[in-house]
Amino acid sequence: PAGAIAAERLVARGHRVLLADAGPRRPDGRGGEVDRRSWGFTAKGSSFDWYRVRAVGGGGLLWGGWSYRLPDATLRRAGWPYGADALAPLYDQIETRLGVVEGMADARYAALARALDLSVLPKRAPARAAQKVWTPLELPVARRARTHAAVLRIEHAHGHAPAAPFLDLRDGSTRRMGARAFVLAASPIETTRILLESDLGTGARR
């Protein structure tokens, strides 16, 4: 949901915003699909499906909208300049907007975790009716998103990013989006791919 929330906040501040996504809008709130072409490994004695989401809302449509915070140890290990305490107020704002609540850990799992000397966490996710997860289509900016637009790279000049070529997955054509600024809120792997393809150089703003 990061891209949808960022777009919503920019619109609230008076900016003209276009939210683009490689996938369609999924009004049923489901977006997981198996993409075996992207998974180059096999599991001995079993199969392993590589799930990805190409739909407005991204990974928020998968696994029931689970919303866990990055622990401080993970942030430190990754070399982030911010710790969990600094990020907590921002988490609070986003979780309030999405309606994230913390459930209760099943007593059976809690007992098993104690027996194995493990920790168990209850599910944290937006509170919705049974079998329905959060969908960004609750936000007007997401309902107006440009769909089936797979961004190829960010083009820049003199440190600025004036255009983003994208592949229109409906007809296979390549088109360009122009803007004063771009916000990348794809998956970690997809965002990295776009940045590597963009050849931003050492003088580009990050």
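Predicted model: local features only at pLDDT ≥ 70, side-chain atom pairs only at ≥ 80, totals over all residues.
Visitor: How many salt bridges does a search of the whole structure find?

Guide: The search finds 14 salt bridges. Take Arg 69 and Asp 92: their closest N and O atoms are 2.6 Å apart. This pair links distant parts of the chain, 23 residues apart. Arg 69 is in the loop between β2 (51-53) and α2 (72-77), while Asp 92 is in helix α3 (residues 84-98).

Visitor: Which residues are linked with Arg 69 and Asp 92 in a network of salt bridges?

Guide: Glu 95, Glu 102 and Arg 124 belong to that network.

Visitor: What does Arg 108 form with Asp 106?

Guide: A salt bridge, with the closest N and O atoms 3.0 Å apart. Arg 108 counts as exposed at 60% relative accessibility, whereas Asp 106 is partly exposed at 27%.

Visitor: Where does the charged end of Arg 108 sit?

Guide: Over the ring of Tyr 109, 5.8 Å from its centre.

Visitor: How many aromatic pairs does the structure hold?

Guide: The count is 0.

Visitor: Where does Thr 191 lie?

Guide: In helix α6 (residues 188-198). Buried means under 20% relative accessible area. Thr 191 has 15%, so it is buried. Leaving aside neighbours within four places in sequence, Thr 191 is in contact with Leu 184, Ala 185 and Ala 186.

Methods
Residues numbered from 1 in each chain as written. Heavy atoms only, no water. Phe/Tyr/Trp six-rings, centres within 6.5 Å; stacked < 30°, edge-to-face > 60°. Lys NZ or Arg CZ within 6 Å of the ring centre and 35° of its normal. Helix = DSSP H or I, 4+ residues; strand = E, 2+ residues; numbered from the N terminus. Buried < 20%, exposed > 50% of the residue type's maximum accessible area, 1.4 Å probe, protein only. Contact = heavy atoms within 4.5 Å. Salt bridge = Lys/Arg side-chain N within 4 Å of Asp/Glu carboxyl O.
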